[in-house]
Amino acid sequence: MFNTNFQILKVGMDVAMLRQSVHTQNIANAETMGYRRKYVVFEEMLKEASKLQLATTHEKHLPSVRSLPRPKIEVDKQAFYRNDLNGVDIDYEVTQMVANGLKYEVLARLMSKNIEYYNTVLRGV
Amino acid sequence: MNEFTIFNVSASGMTAQRFRLDIIASNIANSETTRTERGEPYRRRIPIFAEYFVDKNKTSAVKVVRIEEDPSPFRLVYDPSHPDAGEDGYVRFPNVNVLREMVDLISAQRAYEANVSAFNVTKSMINSALQIGRG
């Protein structure tokens, strides 16, 4: 009954929450000796996944099932900002975290809107 | 990953920074202490932070593993009238540099604040998830 919007929004929110977790970990460990910054890879994988659509050349062909990729947490082994080999840039981390939090709120509001449309229909307009 | 473990991560960051603040306070308080129970001047203390995993998904929080002492030499001041002066007239003062401690103090405070704002962002995210479907 529900369209794919819900699924996509849910994945988007999950990724944003995962990203929040990673930002929090980086900030907590901002002064830990030898800690390497972590980050979440998702959008690039999504782009790759959406490239490989099977062509439907006949009206009876089933569309290829679009499976959304799972986000991955990666460790940045390159960047060092301090002498103790810590890779966390706290300004970058905090600004990205705030932006990510706002993105999550946008997705949550979109989710609400989608539910509202169904409510409108169910109430009989 | 559980959303609520994120709170624990922020809390661990705050605890670690507050602990660091305590150590800095004791360094500053003892910056002129020439006599300790061990019979030598006070040595500057440094907390050592380490990453530790709070769940099986390798969510890393932070904790203080131990407190180490700064091995750098004591500050020598020539003052033969001081009760703790050596035979050559020099007094050994702690290897605490108050200026440096103040810099560390501000850095610990800022790091604490960053953890607080991480906590607040997580809280508002969960709140906005709770608002879904309320119109």
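In this predicted model, chain B and chain A bury about 2300 Å² between them, and 67% of that area lies on carbon and sulfur atoms. In terms of residues, 34 from chain B are in contact with 29 from chain A. The polar side of this interface can be counted in two ways: there are nine residue pairs in polar contact between chain B and chain A, with both partners at pLDDT 80 or more, and there is one salt bridge between the two chains. That salt bridge is formed by Arg20(B) and Glu31(A), whose closest N and O atoms are 2.2 Å apart.

On the side of chain B that touches chain A, the elements that give two or more residues are H1, E1, strand E2 (60-69) and H2 of chain B. Among these, H2(B) provides the largest share, with 13 residues. Sorted by class, this side of chain B has 15 nonpolar and 15 polar residues, together with four charged ones.

Beyond the interface, the count of salt bridges over all chains comes to 17. One that can be followed within chain A joins Arg19(A) to Glu43(A), with the closest N and O atoms 3.0 Å apart. Because Arg19(A) lies in helix H1 of chain A and Glu43(A) in helix H2 (residues 43-51) of chain A, this pair ties together parts that are 24 residues apart in sequence.

We can turn next to the open space, since rolling a probe the size of a water molecule over the atoms shows where empty space is left. The largest pocket holds about 470 Å³ of space. Its lining is made up of 19 residues, and those nearest the centre are Arg82(A), Asp84(A), Arg20(B), Ile46(B) and Pro47(B). The elements that give two or more residues to this lining are helix H1 (3-29), strand E1 (45-53) and helix H2 (98-130) of chain B, and the largest share, five residues, comes from E1(B). By class, the lining of the largest pocket has 10 charged residues, seven nonpolar and two polar. Helix H1 (residues 4-28) of chain A gives the most to the lining of the second largest pocket, with seven residues. By class, this lining has eight nonpolar residues, one polar and four charged.

Technical notes. Residues are numbered from 1 along each chain as its sequence is written. Chains are lettered from A and ligands numbered from 1 in the order in which they are written. This is a predicted model: local features need pLDDT of at least 70, side-chain atom pairs count only at pLDDT 80 or more; totals for chains, interfaces and linings use all residues. Side-chain values use heavy atoms; hydrogens and water are left out. On a 1 Å grid over the protein atoms alone, a cavity is a set of points where a 1.4 Å probe fits but cannot get out, and a pocket is an open set with protein on both sides within 12 Å along at least five of seven lines; lining residues have an atom within 4 Å of a point. Grid points are joined across faces, edges and corners, and a volume is the space filled by probe spheres set on the points. Helices (H or I, at least four residues) and strands (E, at least two) are DSSP runs, numbered from the N terminus. Ala, Val, Leu, Ile, Met, Phe, Trp, Tyr, Cys and Pro count as nonpolar, Asp, Glu, Lys and Arg as charged, and the others, Gly among them, as polar. Contact means heavy atoms within 4.5 Å. Buried area is the accessible area (1.4 Å probe) that two parts lose on being put together, summed over both. A salt bridge is a side-chain nitrogen of Lys or Arg within 4 Å of a carboxyl oxygen of Asp or Glu. A polar contact is a pair of N or O atoms within 3.5 Å; within protein, one must be able to donate a hydrogen and the other to accept it, and residues adjacent in sequence count only if both atoms are side-chain atoms.
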